[in-house]
Amino acid sequence: MLLLIGTLPIEGLKLHTGEATLDNGKLKIGDKRFAVIRGTPAMMAACCAICNAYNLDNPYCIVAGDIGAGDGSSSIYNYLKDNLYLLEPEVCAFHYIKPVLVAHNKVVDAINKMNKKPILIADAGYMYVAKMAGFASFYDIFTPDLGELAFLADKESPHPFYTRGFIFHMEDKAEELIEMAYKEKNAPKVLCVKGKKDYISKDGKIVKIITKPDIPVLEAIGGTGDTITGMVAAFTYKGLSLENASIISAKLNRIAGKLTNPTPATQIVDIIERIPLSIEKF
Amino acid sequence: MLKVNIARFLPQLKKKNKKVETRGKGLILFSETSEAIRAESILKKAGFDIKMVAPPYHLRKGCDLSIEFNIMEQLAVERILKKLGNPPLDIVPITEKMLEPVNILRETDYGKWIMIRTANMKLTFDKETKIIVNISGGGCPDVPYLANEMIGKKLEEAPSPRELGYTVCAYALNVSFENAKKWIER
């Protein structure tokens, strides 16, 4: 099973689970349809696009509504703690979930009790809490942007907003930041760093730097990192190595972006629609 | 033409994120980040000299903000927060150096549009219409919600992340939002 987990920005939406597909520009999970917007929906939709293109099983999704108060995140943490072992996923991608240290650590305990540890991918709030809790190396792939990489590199930072200035100013030195993150044990096996240049590193060594096509406006478009995370999950489930899944996802994201002929006002749904075509152009 | 400019914000670079002295300082802790954000507004309006900081490691529970203040003013601070329905979880003396939030802004000029970034939060707007066209970055659940509420609205009409948000990401987005509004006033 390919398991995707995250909150949706819908107040009052109770925990909802089901297989996900793309349905006329919407994300369908079980019997409910959701708009493809930045955040968890973009991650799940991009994953669906890859699964569909390669005839993989549809991902199974766990979502709950949360507009920041933490109610939906709490229900997700509780569900994972009690049910993750029953689902027996091979790949898990954790996304927009409010960071709560104690709850995260209970999920780690639940994973440790599974017969086989899944491949674990974390981005967004769940990546923040994994690092905060000191469990980064428990995971297989993180997909940070440059600001988040600086946060991983700063051993004292509890959130990207607190990254110390001397590190924040090192954003043009991504390779040094990657080295620092591994040195401080704040990185998983593979880092897929999203930015003007995408850096893929494994066990502390950079294995690929992706620069083309160069589409600077993608940084402004909300969700362009979420799509990479979703594609990484799908390709990992397909059987690609962690680093190759990251490399191909970063490249496809750029190609899909280019095919959209984007401006800073472009919305992520338009880029996700072009993922199938980006595979043809790859 | 793409242009990245941080020089515009040089005065703020001087205030860059750093460890600070803590003698005579206290820390106001809250059960929720949103309460800390509300308390900041209350205390600033009342004229207290305060600073948002990260709680020390042993007091963190996840997505946290806390308020550093002059501990000599503890009674007054407690009184006003209780009176206005925002009582703190606890107030403790600071015994270690604290981390301040990033105050460094980056500005990326895309020609018709400009992107203002604070830490991990980016807000892009149309220079002419002043309409917010995109919000990217961040990882807490209120960020997609705030993006839904803010995108498509003019900067002066959009709801403030400070009012609608709950998390540190929302707080960072608010810094970008406020600076975007300052940009259009220049």
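Gly26(B) stands opposite Phe69(B), a residue of strand 4 of chain B. The model is predicted. Strand 2 of chain B covers residues 25-29, and strand 4 of chain B covers residues 66-70. The two strands pair in the antiparallel sense, over four bridges.

**The sheet**

This pairing belongs to an open sheet of four strands in chain B. The strand order is 3-4-2-5, and the pairing is antiparallel. Strand 3 (51-53) and strand 5 (90-93) of chain B are the edge strands. Each of these edge strands pairs on one side only. From one strand to the next, the twist averages 35°. Backbone hydrogen bonds are what pair the strands of a sheet, whether parallel or antiparallel.

**The contact between the chains**

Chain B gives 42 residues to the contact, and chain A gives 46 residues. Several elements of chain B each supply at least two residues of the side that touches chain A. They are listed here.

| Element of chain B | Residues |
|---|---|
| Strand 7 | 113-118 |
| Strand 8 | 121-126 |
| Strand 9 | 132-137 |
| Helix 4 | 142-150 |
| Helix 6 | 168-185 |

Helix 4 of chain B gives the most to this side, with six residues. What is the make-up of the side of chain B that touches chain A, in nonpolar, polar and charged residues? The residues divide into 24 nonpolar, 11 polar and seven charged.

Terms used:
Residues numbered from 1 in each chain as written. Chains lettered and ligands numbered in written order. Predicted model: local features only at pLDDT ≥ 70, side-chain atom pairs only at ≥ 80, totals over all residues. Pairing = 2+ DSSP bridges. Axes fitted to C-alpha atoms, helices over the stretch in contact; angles between N-to-C directions. Contact = placed C-beta atoms within 7 Å. Nonpolar A, V, L, I, M, F, W, Y, C, P; charged D, E, K, R; others polar.
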